[in-house]
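Okay, thanks everyone, let's get going.

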Amino acid sequence: MSIPAPQVISPSSVPSLRWGVLAPGSIAGAWASSVQKHTTQQIVAVASRTPGRAAEFAKSHSIAKVYQTYEELLADETIDAVYVASRAGDHFKHGMQVLDAGKHLLVEKPITYLASEAEQLLAHARSKGLLAMEAMWTRYLPQASVIDQLVATMGKPELLVATFATDNRAIERLWQKGGGGVVHDMGIYPIAIAQQLFGDPVAIEANGKISDLLIDSEAVVKLSYASGATATLIMSMQASLPQTVSASFELGVLNIHAPFLAPSGITLTDKDFYATGETWLDESDVQGHEGLSYQATAFASYVAAGMLESPVHTHAQVVENIRLAEEIVRQLGAQPF
C-alpha cells in the first residue's frame with residue numbers, strides 16, 4: 001500500500017467570484033490574505049458593525065468598498081458570494097440574511113450551535129438555488145484528498161485518536177457565551193476528521209470541564225460506530241498537546257501530522273510493533289492558515305458547476321457534526337450559547 005498523490009483544484013480553472021466579507025475579525029483577516037495570495041477570487045467589499053473596523057480591514061487587504069452595515073453590503077448587486085465570520089452565535093441569523101439577499105454563502109465553522117438551525121439554513125439555501133458551505137477548511141486541503149483515497153483502500157476501521165488541545169485562556173471570545181466553547185470552536189476539528197475517517201457514530205460518551213459561566217473548556221469523548229470501531233477525541237482550550245490524528249484500520253495505520261487541521265503530512269504504516277511505512281509531506285508554498293485558500297477555490301468550482309452543496313463535506317455531514325457537538329455539550333452540562 002502506498003500514499004497516492006493529492007488531487008488539487010487549480011485556482012486558474014475556476015471562475016473569479018466577487019466576494020463580500022461580513023464581520024472582519026482575525027479569522028477573516030487570515031482568510032482574506034490567503035485568498036488574495038493563492039487564488040483568483042476577488043474580495044470587493046467588507047462590512048462591520050464596529051466603527052472603523054471595516055475601513056481598517058479594507059485598507060489592509062486593498063478592498064475597494066466599505067459598508068457600515070451588513071444590509072448595505074448585501075444590497076450590493078455586484079457581489080456573488082459572502083464570507084460570514086461573525087461570532088458563532090450569530091451565524092444562523094447572518095447566514096439567512098445572506099441567502100435572502102440572493103448571495104452564495106460560505107460561513108465560518110461551526111455553521112451554527114444547533115443542528116436544527118444548521119438544517120434550516122442549509123435547506124433555505126437549497127430552496128433558493130444557492131450554494132451554502134461551512135468553512136471546514138480541513139476538508140479542502142490537499143491532504144484531505146489523500147486521506148479519502150487511502151481510507152477507501154484500508155479496510156475495516158478499528159480505532160482512532162484525535163487531539164486538539166491548545167492553551168487558549170488568553171482568547172477572551174472562547175470563554176464567552178455565543179463566541180466559543182471548546183467543543184464547537186476547537187473540538188469541531190476532531191469531530192470532523194473522525195467523521196471523514198470513520199463516518200457517523202451510533203453512541204457518544206463525553207466527560208470534561210466547564211467554567212463558572214458554563215462554557216465547555218475541556219472534553220474527552222468516546223465515539224462508538226456500527227462497524228465496531230471506536231474513536232477517542234480529546235479537546236481542551238486550557239491544556240496543550242500535539243494536534244495529531246492516528247487511526248488504525250484492518251490493513252494499516254494512518255497518522256496525520258501536527259497540526260492535523262493545517263497543511264502538514266501523512267504517514268502510512270503497517271501494524272507491526274516496529275512499524276514501517278511511507279510518509280507524504282505537504283511541501284507546497286501554501287502553509288499554515290494560508291490553507292484557508294483551498295476552500296475558496298473549491299467553492300468557486302462548485303458554483304460554476306451549479307452545485308448546491310459541497311461534494312466532499314455534504315450538508316448531511318455538516319448537520320451530523322453539529323448534532324454530535326450539541327450532544328457532547330449537553331452531556332458536559334455546558335451552555336455556550
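One term before I start: when I say contact, I mean heavy atoms within 4.5 Å. And keep in mind that this is a predicted model.

With that cut-off, let's take L197. Skipping its neighbours within four places in sequence, L197 is in contact with I147, V151, L160, V245, A247, F249 and L254. So where does L197 sit? It belongs to the largest nonpolar core, a set of 113 residues, and together with W31 it touches the most other members.

Zooming out, the protein chain has 10 helices and 14 strands. Its radius of gyration is 20 Å, and the globule rule gives 20 Å for 337 residues, so the chain is as compact as a globular protein of that length. Along the principal axes, the C-alpha trace spans about 60 × 50 × 35 Å. Buried residues account for 54% of the 337. And if you take contacts between residues at least 6 apart in sequence, 69% of them join residues at least 24 apart.

For charges, we've got 22 positive and 34 negative side chains, and the centres of the two sets lie 5 Å apart.

Last stop, T166. You'll find T166 in the loop between β7 (157–165) and α7 (182–185). Is T166 buried or partly exposed? Its relative accessibility is 22%, so it counts as partly exposed; the buried label needs under 20%. Leaving out residues up to four places away in sequence, T166 touches M186, S236, M237, Q238, A239, S240 and Q243.

Note on methods: Residues are numbered from 1 along each chain as its sequence is written. This is a predicted model: local features need pLDDT of at least 70, side-chain atom pairs count only at pLDDT 80 or more; totals for chains, interfaces and linings use all residues. Side-chain values use heavy atoms; hydrogens and water are left out. Helices (H or I, at least four residues) and strands (E, at least two) are DSSP runs, numbered from the N terminus. The radius of gyration is taken over C-alpha atoms; the globule rule is 2.2 Å times the number of residues to the power 0.38. Buried means under 20% relative accessible area, exposed over 50%, partly exposed in between (1.4 Å probe, protein chains only). Lys and Arg count as positive and Asp and Glu as negative; His and the chain ends are not counted. The place of a charge is taken as NZ of Lys, CZ of Arg, CG of Asp or CD of Glu. A nonpolar core is a set of buried Ala, Val, Leu, Ile, Met, Phe, Trp, Tyr and Cys residues joined through side-chain atoms within 4.5 Å.
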